[in-house]
Amino acid sequence: MPKNYAEISRRIVQALGGLGNIDAVTHCMTRLRFVVKDRALIDTPALKAIDGVLGVVHSGEQCQVIIGNEVARAYQAVQALGMPGAAAPAAPVKRQLTLRGIGAGILDALVGTMSPLIPAIIGGSMVKLLAMILDMAGAFEKGSSTLIILNVIGDGAFFFLPVMVAASAALKFKTNMSLAIAIAGVLVHPNFIDLMAKAAQGQAVEFAFIPVTAVKYTYTVIPALVMTWILSHIERGVDRITPAVTKNFLKPMLIVLIAAPIAILIIGPLGIWIGSGISALVYTVHGYLGWLSVAIMGAIWPLLVITGMHRVFTPTIIQTIAETGKEGMVMPSEIGANLSLGGSSLAVAFKTKNRELRQTALAAAASAIVAGISEPALYGVAVRLKRPLIASLISGFVCGAVAGIGGLASHSMASPGLFTSVQFFDPANPMSMVWVVAVMALSVVLSFVLTLILGFEDIPESEAAPTAATAPAANTANATH
């Protein structure tokens, strides 16, 4: 039965402390991401008890409400309530500056900025993948204008990624979006790109007698993100010092003249070094551990999803695919992780006596296996029943090892599933298709069998309409083995 998302969203907002306690809301593939003013006003038990809410994750000032595949409908219903803040605003809460708080803030900024961009990045990467397949199949002549245009369409989201990041970060940091886009546009301007190419070849490039570091900004995330955060502070400072009569022209001119040089001389190079350092660390580990690193990632991936930490890898994956054309550690590990959750859900659907749980498990399995969207299976089945989660983690490790041994790598960053498995096909290595099919089949079968072996405590049908967030296995009685 279709859910009433207008009512669900109204109850979610109420449990979050009302409209006045919500600063902003975005959504990713399965979650509503609320930035709240005061966490103390959130009624978490009531939030988890809402029918249609699969789970709740708190991360810094952000409260993530897991909805599943219908998250876009829930988001639209929330927006229809009059976001943000139609009620009286809550009093600001002073927060102590701690290492944990700084880490949570960085993660919140990264996730909050990147999540709205994921559809465009996935769409672009899949178009590039389509062009590759058409080229491989000989559908068009080599160098065909059709293939060139398809590659340009697919590459647009990557080439102008700094501009997209700046726009999204401007919403996150509540600064002027047009100014953020204008400054990010400087970094991908053809003349500036040409100047950076000359600097890379040894030609001296200066701005106001200060040397400019040769940096390529296309396909990057961190520089534009940090630059926009700095811009938000510059804008507030300039606003305080400029007379009201000059704000229309003097304020934006000063902001651009201050922010753009800082971005070019300091933030840009620093952001590139940070991004390159993170990528180097991740793939150095991969270089030392090889297939074992993919296995470990496959085992812990569902746990990273639970905490929201999986989005930390998004900039690294994007940059690696943009620079090398493929990514061979994180994305291959997701094949086993996603499909193992689907296999465990199938086992639950096979053994449970609870008709509602069976329907939930079947829908979650289809989402994970077919589309690669694993959160309905993760929250609706695995976390809810616990032992299927253990089966999924074991299966994810084994299948990650197989994917690593097979040398699988992704040419896109779509969530791995049956429909998106083509992203792992390598035209230069036809055996890659065999490895992909083998890993996918092993993921479903192994997790299915392990779930049946480990068993799970079934949920009696006498429990009226239990939700994924409020029906823990500890409260159930009938063990299924």
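Mentor: One term before we start: buried means under 20% relative accessible area. Also keep in mind that this is a predicted model.

Trainee: Okay. Tyr-219, buried or exposed?

Mentor: Tyr-219 has a relative accessible area of 15%, so with the cut-off at under 20% it counts as buried.

Trainee: What kind of aromatic pair do Phe-159 and Tyr-219 form?

Mentor: An edge-to-face one, with 6.1 Å centre to centre and 85° between the planes. Phe-159 is in helix α6 and Tyr-219 in the loop between β6 and α10, so the pair ties together parts that are 60 residues apart in sequence. Phe-159 is partly exposed, at 26% relative accessible area.

Trainee: How many aromatic pairs in the whole structure?

Mentor: A search finds 5. Another one of them is Trp-301 with Phe-313: the planes are at 45° and the centres 6.3 Å apart, so that pair is tilted. Trp-301 lies in helix α12 and Phe-313 in the loop between α12 and α13, so the parts tied together are 12 residues apart in sequence. Trp-301 is buried at 5%, and Phe-313 is buried at 15%.

Trainee: Switching topic. What's the strand order in the open sheet?

Mentor: β1-β2-β4-β3, four strands with antiparallel pairing. β1 and β3 are the edge strands, each pairing on one side only. The twist averages 20° from one strand to the next.

Trainee: And how many bridges join β3 to β4?

Mentor: 5, with the strands antiparallel. Another 5 bridges join β2 to β4. Gln-62 in β4 is the bridge partner of Ser-59, and Gln-62 is also the bridge partner of Val-35.

Trainee: Why is β3 largely enclosed by the rest of the structure?

Mentor: Because 4 of its 5 residues, in the stretch 55–59, are buried.

Trainee: Which helix lies across β1 and β2?

Mentor: Helix α3, residues 71–80, running at about 150° to β1.

Trainee: What does the UniProt "active site" annotation cover?

Mentor: Cys-28, according to an unreviewed UniProt entry. Cys-28 sits in the loop between β1 and β2 and is buried, with a relative accessible area of 7%.

Trainee: Which residues does Cys-28 touch?

Mentor: Leaving out residues up to four places away in sequence, Cys-28 touches Arg-33, Val-71, Ser-115 and Arg-311.

Trainee: Last one. Where does Lys-128 lie?

Mentor: Over the face of Phe-158, at 5.3 Å from the ring centre.

How values were computed:
Residues are numbered from 1 along each chain as its sequence is written. This is a predicted model: local features need pLDDT of at least 70, side-chain atom pairs count only at pLDDT 80 or more; totals for chains, interfaces and linings use all residues. Side-chain values use heavy atoms; hydrogens and water are left out. Buried means under 20% relative accessible area, exposed over 50%, partly exposed in between (1.4 Å probe, protein chains only). Helices (H or I, at least four residues) and strands (E, at least two) are DSSP runs, numbered from the N terminus. Two strands pair if DSSP finds at least two bridges between them. Axes are lines fitted to C-alpha atoms, for helices over the stretch in contact, and angles run from 0 to 180 degrees between N-to-C directions. Contact means heavy atoms within 4.5 Å. UniProt positions are given in the numbering used here, feature names are shortened, and annotations may be inferred rather than shown by experiment. Rings of Phe, Tyr and Trp (its six-membered ring) pair if their centres lie within 6.5 Å; planes under 30 degrees apart count as stacked, over 60 as edge-to-face and the rest as tilted. A charge sits over a ring if NZ of Lys or CZ of Arg is within 6 Å of the ring centre and within 35 degrees of the ring normal.
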